[in-house]
Amino acid sequence: MDAIIIIAIIAVIAFYFRRVDKVVTGVAIVDIFLRIFHYLVVNIEIKGISEYVEKYLPESIPDIIGNYTSDMLYDILIWIYVIIMAIFLGYTIKHFINKK
């Protein structure tokens, strides 16, 4: 279920913006949100919510990829993810340097 939601979010971003930099930024935003949200829920115990989030919400995009794939497909998707995050890092560095 979580993979379908993440794929739908990324597809909406891709169809709405239709630019590679916006899609890369959207993927990075989704991943960063998942990581921060999961960290907060794990470290700030809220009864009822924490258990639900830990059980149903994935920790990150690589966690989703690991849950639904294996072997060669997993390696290919993780490399695609790494390339997308490297492109995002490049955009971030470029933006940081240009904002003197």
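Predicted model: local features only at pLDDT ≥ 70, side-chain atom pairs only at ≥ 80, totals over all residues.
User: Where should I start with the core? Which residues make up the largest nonpolar core?

Analyst: The general idea first. In soluble globular proteins, nonpolar side chains tend to be buried together. Here the largest nonpolar core has eleven residues: Ile6, Val27, Ala28, Val30, Leu34, Ile61, Ile64, Ile65, Ile78, Tyr81 and Met85.

User: Which helices each supply at least two residues of this core?

Analyst: Helices α2, α4 and α5 (71–98) do. The most comes from α2, with four residues.

User: Now α4. Which of its residues are buried?

Analyst: Helix α4 spans residues 61–68, and Ile61, Pro62, Ile64 and Ile65 are buried in it. Look down the axis: the buried residues of α4 fall within an arc of 155°, so they line one face of the helix.

User: How do I read a charged residue? Is Asp31 buried or exposed?

Analyst: Check its relative accessible area; buried means under 20%. Asp31 has 2%, so Asp31 is buried. Asp31 sits in helix α2 (residues 20–43).

User: What is Asp31 in contact with, leaving aside neighbours within four places in sequence?

Analyst: Ser60, Ile61, Pro62, Tyr81 and Met85. Of these, Ile61, Tyr81 and Met85 also belong to the largest nonpolar core.

User: Which residue forms a salt bridge with Asp31?

Analyst: Arg35 does, with the closest N and O atoms 2.9 Å apart. Both residues lie in α2, four residues apart, about one turn of the helix. The count of salt bridges comes to one.

User: Is Arg35 buried, exposed or partly exposed?

Analyst: Arg35 has 41% relative accessibility, so Arg35 counts as partly exposed.

How values were computed: Residues numbered from 1 in each chain as written. Heavy atoms only, no water. Buried < 20%, exposed > 50% of the residue type's maximum accessible area, 1.4 Å probe, protein only. Arc of directions from axis to C-beta. Contact = heavy atoms within 4.5 Å. Core = buried A, V, L, I, M, F, W, Y, C linked by side-chain atoms within 4.5 Å. Salt bridge = Lys/Arg side-chain N within 4 Å of Asp/Glu carboxyl O.
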